[in-house]
Every structure is written in structure tokens, then in C-alpha cells.
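Here is a briefing on a structure, written for a first look. Keep the sequence and the 3D view open as you read.

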Amino acid sequence: MTMNPLSVKEIIIIIVILLSSTCISSLASYFLKKASPADGGNKIKILLSPFFYLGGVMYVVSAAANIYLLQKLPYAIVLPLGSLTYIWTMFFSNRLLGEKITGRKILGMCIIIAGVVLVALGKGK
Amino acid sequence: MIESLKKNGKGIILLLISAFSLALGQLLWKKPLENVDIPLVLASGFSGIWSLFLKVLPGFIVYAIGAVVMTIGLGYGELSVLQPINSMSYVFALILSAIFVPTESISVITVIGVFVVIAGVIVIGGSSKK
């Protein structure tokens, strides 16, 4: 696939879309967690929770942004950059849910991102 | 590690199922769209759009089921442990495409990447402290 060189303006737009779409995708999983009753709760409540649909819509929005990015950048670049989502999730789960960010979680996240980079490199050929 | 599996175990299993549905859903709705000119179909009127909709419907149903399973799963543990398990969808996607699209070649680097992702998920999955 050939792609035109990008102007500075386009690069800025791409960076903004990238940061916001990964942020939205991460917040989507936060809202799905809010929609989820804790251990043993009634699961039917999920379908009645507005947070479930909010999370769902946010996933669709981030997927649409991803399709846009794929038109501008090669798959082998878009796929690993999507891993920013995991970094956002670490941030939000700490800020909004008070979860501890341990060295082990960060290590695991880095290993996953490295794996995704390799997957993308292999597919980019 | 054992403690984390006790605390997040159900969530981890449910997130694995949802990652599998994500990969399966993607395969189900992308394949039928591969040779379709979407703007042309959209311009062709109701019957064309309806048949396109029916083609992608199974994939979306699997997606929706995956979203519900993921939501249930997120109720059983920490978001910072469970959300990264979504990355297993790359692993399942590779396995599914090897089974259903055997003509597509898979590079060694991708296979190594898949094992690295699995390693990362194991590190995170066993990482929770009270």
C-alpha cells in the first residue's frame, strides 16, 4: 500500500487522534467495569446500566478512529501505537479506582507492548 | 501469584473468553467485507445494504457477546490486571487465521510476538497484591 507523505498539520492531527482514541478505549473499559456488579451481583443489571452502553459507544468511537488511522499510517505502526491504551488503563485504574501500580504490572505491560510490536513487525511485511 | 489468581481468577478466565470472541468476531465480519466496495453498496439502496448488514451481523453478535462477557469479567478483579488481557485477542486471531485462512502465511516474528504477549499476560495476571 502506498501512502502520501504527511504534512506537519496531518501529523499533529494524527497524534491528537491517537492519544484521544486510546484514551477513549481505556475509559470505555473503565465504564464497563463500573457497569459490572462486583462478585456475585446480578449480571442482568449490566444490560440495564447506562455505563454499559456508554462504554460500548466509546469502543465504537475508538474503533472508528482506528480505521481512520489505518488509512493514514501503515498497520505495522498503528497496531503497536494502540498499546498506548494499556498505559492509559494503568493511569485511570490508579486515579479513578485506587488500584496499586506495581513494578510487576508495569513489567507485564512492557512485555505485552513488546509482543504487540513484534506481532505488527511480522505482519507488516 | 496464587493469591492474585484467587482474587482475579474468574475475571482472567472471562477476559480470555472475551478476547477470543473479539478475535472471532473480527474474523467473521472482516472476511465477508474483503471484496466488497462499501460506498457502492451504500449507494445501491436498501436491499444491498440489508444483505451487507446480514453478512456482518454474525461478527457483531459475537462482538456483543464478547462485550457482555468482558463486562462481567471486569467485576471480578482489578482493571489494571484484567484490561491488558485483551491483548490475548492477537494470539487468538493468529490461531483462528491459521485454522480458517491457512493460505495466509504467518511470519516467525509474529509467532515470537505472540509468545511474548502471552508471557506479558502471565506476568500481569499473577501480579496483584492486596
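The expected span is 1.5 Å times one less than the number of residues. This is a predicted model: local features need pLDDT of at least 70, side-chain atom pairs count only at pLDDT 80 or more, and totals for chains, interfaces and linings use all residues. Residues are numbered from 1 along each chain as its sequence is written, while chains are lettered from A and ligands numbered from 1 in the order in which they are written.

**Confidence**

- The pLDDT is the predictor's confidence in each residue, on a scale from 0 to 100.
- Chain A has a mean pLDDT of 89, with 95% of its residues at 70 or more.
- Within chain A, helix α4 (residues 75–81) has the lowest confidence, at a mean of 86. Helix α5 (residues 84–95) of chain A has the highest, at 95.
- Chain B averages 86, and 93% of its residues score at least 70.
- For the complex, the predictor gives an ipTM of 0.87 and a pTM of 0.85.

**Chain B**

- Chain B has six helices and zero strands.
- The radius of gyration of chain B is 18 Å, well over the 14 Å that the globule rule gives for 130 residues, so chain B is more spread out than a compact globule. That radius is taken over C-alpha atoms, and the rule is 2.2 Å times the number of residues to the power 0.38.
- Along the principal axes, the C-alpha atoms of chain B fill a box of roughly 60 × 35 × 20 Å.
- Of its 130 residues, 43% count as buried. A residue is buried if 20 or more other C-beta atoms lie within 10 Å of its own, exposed if 12 or fewer, and partly exposed in between, with C-beta atoms placed from the backbone.
- Which residues of α5(B) are buried? They are B:Met88, B:Ser89, B:Tyr90, B:Val91, B:Phe92 and B:Leu94.
- B:Lys55 sits in helix α3 of chain B. B:Lys55 is partly exposed, because it has 16 C-beta neighbours inside 10 Å.
- B:Lys55 and B:Leu82 are 27 residues apart in sequence, and their C-alpha atoms are 32 Å apart.

**Chain A**

- Chain A also reads as six helices and zero strands.
- Its C-alpha trace spans about 50 × 35 × 25 Å along the principal axes.
- Buried residues make up 32% of its 125 residues.
- Helix α3 (residues 50–72) of chain A has 23 residues and reaches 34 Å from its first C-alpha to its last, close to the expected 33 Å.
- In α3(A), the buried residues include A:Phe52, A:Met58 and A:Tyr59.
- The cover over the buried residues of α3(A) includes α1 (8–35) and α2 (45–48) of chain A, together with α3 of chain B.
- A:Leu54 is also in helix α3 of chain A. A:Leu54 is partly exposed, because 16 other C-beta atoms lie within 10 Å.

**Where the chains meet**

- Two residues are in contact if their C-beta atoms, placed from the backbone, lie within 7 Å.
- The contact takes 30 residues from chain B and 39 residues from chain A.
- On the chain B side, α3 (46–74), α4 (79–82) and α6 (108–125) each supply at least two residues.
- The helix α6(B) gives the most to that side, with twelve residues.
- The chain B side divides into 18 nonpolar, ten polar and two charged residues. Nonpolar means Ala, Val, Leu, Ile, Met, Phe, Trp, Tyr, Cys and Pro; charged means Asp, Glu, Lys and Arg; the others, Gly among them, are polar.

**The nonpolar core**

- A nonpolar core is a set of buried Ala, Val, Leu, Ile, Met, Phe, Trp, Tyr and Cys residues joined through C-beta atoms within 7 Å.
- The largest core has 53 residues, and A:Ile112, A:Val116, A:Val119, B:Ala19 and B:Val117 touch the most other members.
- Helix α1 (residues 2–30) of chain B gives the most to this core, with nine residues.
- Leaving aside neighbours within four places in sequence, A:Val116 is in contact with residues including A:Leu79, B:Tyr90 and B:Val117.

Notes
Helix = DSSP H or I, 4+ residues; strand = E, 2+ residues; numbered from the N terminus.
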